[in-house]
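Please prepare a short briefing on the pockets and the nonpolar core of the protein shown below.

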Amino acid sequence: MTQRMKIHRGDLVQVLSGKDRGKQGRVIDARPDERRVIVENLNIAKRHTKPRPMRDANRMGGTQMLPGGVIDRPAPMAVSKVMVVCPSCNLPTRVGHTFKEIKGKRVKVRVCRRAGCGGELDK
């Protein structure tokens, strides 16, 4: 059984190591099975692609083609190389959990573990 990741899609993260160290970006995709995340405009890799017909091409005027060539795409990076940025203190932080009552239900909420902050990470 895999451990749950504390980083979710839409979180602002900061890269801790590698060629993009110190840069920040939003998480586009989280892959818990692989323990990897894709961060917008970071860890860019070049992909050589062939021109291909579009999937949902319009029936009017024949087939439309996706252009080929060298395309820059963000590649997955290990979740251990990124850290969540707290929206209240704007610093990278470890993620903690607390329980909160919302409409009579007990809900688990992610919080900033930095001393003196404790701000909520969930919207």
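**Pockets and core of a predicted model**

About 200 Å³ of space lies in the second largest pocket. This is a predicted model, in which local features need pLDDT of at least 70, side-chain atom pairs count only at pLDDT 80 or more, and totals for chains, interfaces and linings use all residues. Residues are numbered from 1 along each chain as its sequence is written, and side-chain values use heavy atoms, with hydrogens and water left out.

**Pockets**

- A pocket is an open set of points on a 1 Å grid over the protein atoms alone, where a 1.4 Å probe fits, with protein on both sides within 12 Å along at least five of seven lines; lining residues have an atom within 4 Å of a point.
- The second largest pocket is lined by residues including Arg-4, His-97 and Asp-122, and its lining divides into one nonpolar, three polar and five charged residues.
- The largest pocket has a volume of about 310 Å³.
- Among the 16 residues lining the largest pocket, Lys-6, Ile-7, Val-79, Val-82 and Val-95 are the closest to its centre.
- Strand β9 (residues 82–85) gives the largest share of this lining, three residues.

- Not counting residues up to four places away in sequence, Val-39 touches residues including Val-13, Met-77 and Val-82, where contact means heavy atoms within 4.5 Å.

How values were computed. Points joined across faces, edges and corners; volume = space filled by probe spheres on them. Helix = DSSP H or I, 4+ residues; strand = E, 2+ residues; numbered from the N terminus. Nonpolar A, V, L, I, M, F, W, Y, C, P; charged D, E, K, R; others polar.
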